[in-house]
Amino acid sequence: MITSSRTLETIAAAVEKHEWTSYRPYAEIPGPKPIPILGNTWRFIPYIGDFKIQSVDKVSKRLHERYGDIVKIENLLGRPDMVFVYDANEIERIFRQEDKMPHRPSMPSLNYYKHVLRKQFFEEDAGIIAVKVQQVMLQPRTAKMYVGSIEEASRSFLLRIESIKNLNDEVPDDFLNEIHKWSLESIARVALDVRLGCLENNANVETQELINAVTIFFKNVGVLELKIPFWRIFNTPTWKKYVNALDTIVRITSKYTDSALTNWKNTSNFTKELSLLERVLALEGNSKLATILALDLFLVGIDTTSNAVGSVLYQLAIHRDKQEIAYKEISNVLPPRDKPIEAMHLENLKYLKACIKETLRMYPVVIGNGRCMTKDTVISGYHVPKGVQVIFQHYVISNLDKYFPRSNEFYPERWLQDDGVRHAFASLPFGYGKRMCLGRRFAELEMIIVISKFSKDAPSDRQHSMHGCTKKFGKIIEQHITDFQLYLSVERTN
């Protein structure tokens, strides 16, 4: 495997050397033309521009259809140029050649919040934090240690569903919020070993306040990043909501984290499974680093995992044949309801995992993954200068027939076939390499467990129950996902 990887990197380096002998200038990269003063930012202005922030996925698809596999959006007020790449081969080459710790684009609004407004709290550089916790977060065996905690949260979620369904076996219109509660509960148990009680009728109001704040954050981040950045000059209403939401997230998560730290210092039980917070503390002995990690897990994990779970449930609900195959597999693999799920059971849920992969291929929660070029580069035959933000447009790529035949069909079986048709870099919902999603292993585990429990242990009729929970869900999911698709990388925030 190491030899194969080195061979690919050697080939990539040789290709790059050849390309430097013949390339086209940066100015010739196709893309929408800027206008004086406003550049391309005017395109995101309501009623005037032709790019809708609420439909950034459709904007990306339109750009690809019009300009091809590489598109430049230049002269954006307050941020570097962006180059969109829609070629899986180019993406693979860039990833394999990147530095030991590649530089991922930061969002100016979040960067300003962390390093100017609240610099006393956010002391450590995000890249340094990522390096320090990778060995804890990305090992599959680490995630498997929390199967019991995640199953317990999923069991509470099922009980919650039964309590909120109406006489027609349907859940309320705000069912996505209930999945947010499950996601928050799961993260708290894994990261802090804390039971928040989000899914109980008498849940602490702070838990809903935290969920609302995360939702507000994602609703406003695209506006701040792509519209004219008046927030740099004065406190706009959108900026105030954004800062208030982040302050709420910091305040509440810090409260939970401080409580968990106190319990850890005072505990005499050395036999219990350590939380992620405790593992980072044991590894680094740095409470601030552990606190910021927990904050990022709450900030990024609640919405992304919730929407992914909702999307998978929706796909299974509208594709009854696939649901039946998944149900039979789950029934054969998982133990009886009164027995705990173990990691070895989850290893054998191959079809369910394929359903999750297929859903994330068709509807990735994060539509792109970016890198900020640390040196001059050649991409698709064009010179791309240092400092340009290159965005790999996975949503469009993973829905192209040239990479996934019959790409508009929900076909989980494609992930169980070793026919060589799939391109390994055409669908990367969690990113790749040194800066891949730090929460990947836990998100995958959470999805597998909650969906398998829902399919197998739902007290009422399975198909009716699943249909009732997702009947009105398609539009809700679609509308909500667009609120944070511009959050280009799930793994960590800068």
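Predicted model: local features only at pLDDT ≥ 70, side-chain atom pairs only at ≥ 80, totals over all residues.

Trainee: OK, what's the phi of R406 like, positive or negative?

Mentor: Positive, about 55°, even though R406 is not a glycine. In general, most residues other than glycine have a negative phi.

Trainee: And how accessible is R406?

Mentor: R406 has 45% relative accessibility, so it counts as partly exposed. For that label, the value has to fall between 20% and 50%.

Trainee: Is I37 buried or exposed?

Mentor: Exposed, because its relative accessibility is 79% and the cut-off for exposed is over 50%.

Trainee: Switching topic: which residues make up the nonpolar patch on the surface?

Mentor: F230, I233 and F234 form it, and together they have about 340 Å² of accessible area. F234 is in the loop between α9 (205–226) and α10 (237–266). With 46% relative accessibility, F234 counts as partly exposed.

Trainee: Now the helices. How many residues does α15 have?

Mentor: Helix α15 has 13 residues, running over 350–362. From first C-alpha to last it reaches 18 Å, close to the 18 Å expected at 1.5 Å a residue.

Trainee: And why call α15 largely enclosed?

Mentor: Because 10 of its 13 residues are buried, α15 is largely enclosed by the rest of the structure. Among the buried ones are Y351, L352, E358 and R361.

Trainee: What about C355, buried or exposed?

Mentor: C355 is buried, at 0% relative accessibility. It belongs to the buried set of α15. Another cysteine, C198, is buried too, with a relative accessible area of 1%.

Trainee: How many disulfides does the structure hold?

Mentor: The count is 0.

Trainee: Last one: where is L158?

Mentor: L158 is in helix α7, residues 147–164. It's buried, with a relative accessible area of 9%.

Trainee: How far apart are L158 and W182?

Mentor: In sequence they are 24 residues apart, and in space 9.6 Å, going from C-alpha to C-alpha.

How values were computed
Residues numbered from 1 in each chain as written. Heavy atoms only, no water. Patch = residues over 30% accessible without salt bridge, like charges linked within 9 Å, V, L, I, M, F, W, Y side chains within 5 Å. Areas by Shrake-Rupley, 256 points an atom, 1.4 Å probe, with all protein chains shown as cover. Salt bridge = Lys/Arg side-chain N within 4 Å of Asp/Glu carboxyl O. Helix = DSSP H or I, 4+ residues; strand = E, 2+ residues; numbered from the N terminus. Buried < 20%, exposed > 50% of the residue type's maximum accessible area, 1.4 Å probe, protein only. Expected span 1.5 Å × (residues − 1). Disulfide = S-S within 2.5 Å.
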